[in-house]
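Keep the coordinates open as you read.

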Amino acid sequence: MATAAFAEAGADLELVGVHKRFPGFTAIEDLSLTIPAGSFFALLGPSGCGKTTTLRLVAGLEEATAGRILIGGKDVTDTKPFQRPVNTVFQSYALFPHMSIIENVAFGLRRRRIADATAKAHEALSLVELDHLATRRPSQLSGGQQQRVALARAIVNRPALLLLDEPLGALDLKLRRQMQLELKSIQEEVGLTFLHVTHDQEEAMTMADTVAVMNKGQIEQLGAPEVLYELPRTAFVANFLGQSNLFTGPVADTTADSISVNIAGSKIVVPRARAKRHSGQVTIGVRPEKLSLHLTAPEKTAETNVLGPGRVIDVSFSGVSSQYIVAVPGLGSIIVFAQNMGAGPMAPEGAETWVSWKVEHGFGLEDEASAAPRFTADDDTATIAVQKKRALMSELEEA
Amino acid sequence: MAFSAFATGTAREQVPRRKSRVALLLLLPGILYLVLFFLVPLVSLVITSLQAPSAFGDVGSYQTAFNWNNYVVSITQYGDQIVRSFFYAVLATVFALLFSYPLAYFIGVTARPWPLLQNLMLVLVIAPFFISFLLRTLAWKSLLSDESGFVTGLKALSLLAPDAHITGTPVAVVFGLTYNFIPFMTLPLYAALERLDTQYLEAGSDLYARPSTVFRKVTIPLSMPGIVSGVLLTFIPAAGDYVNASREFLGGTGTAMMGNVIESNFLILLNYPAAASLSIILMVVILAIVTAYVRRSGTEDLL
C-alpha cells in the first residue's frame, strides 16, 4: 500500500477531466489540473466556486462523477480516503475532542503502525512550537494553537500531498499573517506538495508559487501570482484578484505593437502583447494603483492614456494611500489608489479631475464583453432548474 | 430537539457563586419534595428492614429493633434471585445496546438529509409508550405462548423441541426486558449521535483509519455520554423489574428476580423486614455497579 511508509518527497497531483455533480447543481465541470511535486499551489475562488469540493475529491471524501485523479502518477480515483497518501488540514481543524493533543497528532502514525509514534508526534509538535501543550485537550487551546495542532497532525504523516482547506479562515489578521509565513517555511522545510484552498486573494498571492483562480467549477486562470495580477485573462480574475477598472469599446486602430480602443470618445492604447483580443468589442483594464490623478488636464502623449474630466465622488483615506472614486460621464466610476505624498488627500470630493496611466500598464481581457463582468450567484431556483434540465438532457442523449 | 434532554452536556456551565435568598426560596419546594418523598421513605425503609417480629407473634406485625440478621437471611435465602436479577439486567442491557446503536446511528447520522424520515423513525421508537407497558408484555405472552403460530411454526420446523416452551423461560424474560427498555436506550443514543460532527469521522479516515477503526476510535468515544445514559436508564429499572419475570407475564418458577421476591415478601408473606432489606440490597448493589461503570467509562460528570 502506498501509505505504508513516509513519502520521500511530495508527489505531483493530476486531475483529468474531473466532474462533480450534486443533486440540483454541478460543483465542478471538466476540471483538468497538474500540480508539480513540491510546489505550493493555491486554489482561489469565491465561496461556492467548487474549490473545497475539488479538495474533498482529492482527499477521497467525495467521489468524482467522472474523471480521474492521479497522485504521483498512481490512479487513486477509486480508493478510499484512508488508502490515499494525502492528509488534510480541515477548515474547522476537526481535532478529536476526546483525545489529548499528542494522541491527536499520533493518530495517523498509529493507524499506519509506524514505530516511535509518540516521539515523532512530539517532534511534529515542536515544529509548530506547541510541544509544551501535548497533554492538553483541544478545547483548552486557542484557535491559533488548534490550527497549528491540526497542521502538525497532518504533516507528521509526511503525506505526499497536503491539503489545506482554508485553515487560516478562523484566525484574526495578525495571527493569520504569522501563520502564513510559518506555513510557507514549513512547506519549504519539509518539501511536500501543498494544495491550499482559500478565498483570500492576498493569502493565495503571498504563500503560493502557483495560483489557480476558480469560478463556477472551472479554473479561469492559472499562473504565478505576479502574472495573474499583471495580466488577468478574464474580468472575473481581474476583479477577484485585486481591483480593476474595466472599460469596453470597439477597436479603432491597430499597429504592430499596440491596439487602440475607443472608450466613450477617447482613444485608449494597450500594448498588443498585453491584449488577448485584437478586434471587435474589447474589454481593457488597468489596476487602480497604476492610475494618476490630475487636477488639470494632462497632455496626452504616445506613452500615456488619459480619461476625463470627471468628478471625485468619494475619497477614503487609509493611511499610506487614499482611494478616490472618479465619476467620468459616459464611463461610470473609476477607482484610483494614490499614495498620500502630501498632507491629506490630493483631490477633495467634488473636484474636477483627469486620470492617466502609462500605456504599458493596461491589459486587454479575453472575455466577450458582457453587461455584467462580475460573477453573479448561480444558486437561484431558475439556475438550478436549468442545470437540472441540462443534466437530464445530457443523460437522455447518452442513453 | 427535545430528545437532547436525555443526553448529558459535556460543556461545564459556570456556576454563580453568589448566595442569594431568592435562590434558596426557589429551591425550597424541591427540597421539601425530596425530603418528604425520598428521604423520609428511605429512612422508614431502613428502619423497616431492621425490624424484628412482634413479641405477640401476629403475622405481619413487627416492632422496631436492630435486627441486622434480616440482611443475612435475605442474602442466603434469595442469593439465586439476586444474582439472576443482575445477570438478566446485564443481558437485557447488552442486547438493547446492540439493537439500539445501529438504529440510533441510522436515525441520528445516516438519515440526516431526510428530517422527515428521522422524525418518523423517532415516533416509531416512542410509539410503544402509547400502549400500557403491562398490555404490551401480556401481548408478548400470548405471542410466545405454546399455542401461538410462532411457537408451533418453530416446532414444525424442528427448531424447537416438541415439548419445549418459550414463555416461562429465561429467554422470554430477557427478551421481554430487552424489548421493554429499548426506547430508553435508543433515545439517549440518538441524542448523542445526532450531535456527532461527521467531520471527525472524515478526519479519522483521512488519517488512515479504516471505517471499523474510525468507529472504534472516534464514533464510540464521541457517543459515550449517550451510551452511558442509555445503559443506566436500561440497567437500573431492568434490575428491579418484576413484571417481565413474574409468572403472570413472561416468567416461570425458575425465573424470579429480586422484584418478584420483594413483591411476594411484601404482599403475600407479609414479611416487611425481608422485603425492605432486599430493596436496600438491590439499591446498594445498583449504586455500586453504576459507580464502578461510570468511573470506568470516564464520564464522572454524570454523578
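Helix axes here are lines fitted to C-alpha atoms over the stretch in contact, and angles run from 0 to 180 degrees between N-to-C directions. This is a predicted model.

Start with a helix pair in chain B. Helix α9 (residues 224–240) of chain B and helix α11 (residues 272–296) of chain B have axes that come within 11 Å. Those axes cross at roughly 160 degrees. Angles over 145 degrees count as roughly antiparallel. α9(B) and α11(B) are therefore roughly antiparallel to each other. Their crossing is right-handed.

Which residues make the contact between α9(B) and α11(B)? From α9(B) come B:V228, B:L232, B:I236, B:A239 and B:G240. From α11(B) come B:L282, B:I286, B:V290 and B:V294. By class, the residues of this contact are eight nonpolar, one polar and no charged. Gly counts as polar in this scheme.

Now take a second pair in chain B. Helix α4 (residues 133–143) of chain B meets helix α6 (residues 170–194) of chain B, with axes that come within 11 Å. The crossing angle is roughly 140 degrees. Roughly antiparallel requires an angle over 145 degrees. α4(B) and α6(B) are therefore oblique to each other. The crossing of α4(B) past α6(B) is right-handed.

The contact draws on B:F133, B:T137 and B:W140 of α4(B). α6(B) contributes B:G176, B:Y179 and B:N180. Here the residues divide into three nonpolar, three polar and no charged.

Step back to the domains of chain B. The domain assignment gives domain 1 (22–67) and domain 2 (80–302). Taken over C-alpha atoms, the centres of domain 1 of chain B and domain 2 of chain B are separated by 31 Å. Nine residues from domain 1 of chain B and seven residues from domain 2 of chain B take part in the contact. What gives the largest share of the side of domain 1 of chain B that touches domain 2 of chain B? Helix α1 (residues 21–49) of chain B does, with four residues. That side of domain 1 of chain B divides into four nonpolar, five polar and no charged residues.

Turn to chain A and its sheet. Strands of a sheet pair through backbone hydrogen bonds, either parallel or antiparallel. In chain A, an open sheet of five strands runs in the order β15-β19-β16-β17-β18, with antiparallel pairing. Which strands of chain A lie at the edges? They are β15 (292–294) and β18 (332–339) of chain A, and each pairs on one side only. From one strand to the next, the twist averages 45 degrees.

Look at one end of this sheet. β15(A) pairs with strand β19 (residues 352–358) of chain A in the antiparallel sense, over three bridges. A:S292 has A:S356 in β19(A) as its bridge partner.

Last comes the interface between the chains. How many residues of chain A are in contact with chain B? There are 17, and they touch 14 residues of chain B. On the chain A side, β6 (86–89) and α2 (101–111) of chain A each supply at least two residues. α2(A) gives the most, with three residues. The side of chain A that touches chain B divides into eight nonpolar, six polar and three charged residues.

Note on methods: Residues numbered from 1 in each chain as written. Chains lettered and ligands numbered in written order. Predicted model: local features only at pLDDT ≥ 70, side-chain atom pairs only at ≥ 80, totals over all residues. Parallel < 35°, antiparallel > 145°, perpendicular 65-115°, else oblique. Left-handed = near helix turned anticlockwise from the far one by under 90°. Contact = placed C-beta atoms within 7 Å. Pairing = 2+ DSSP bridges. Domains from an automatic or database assignment.
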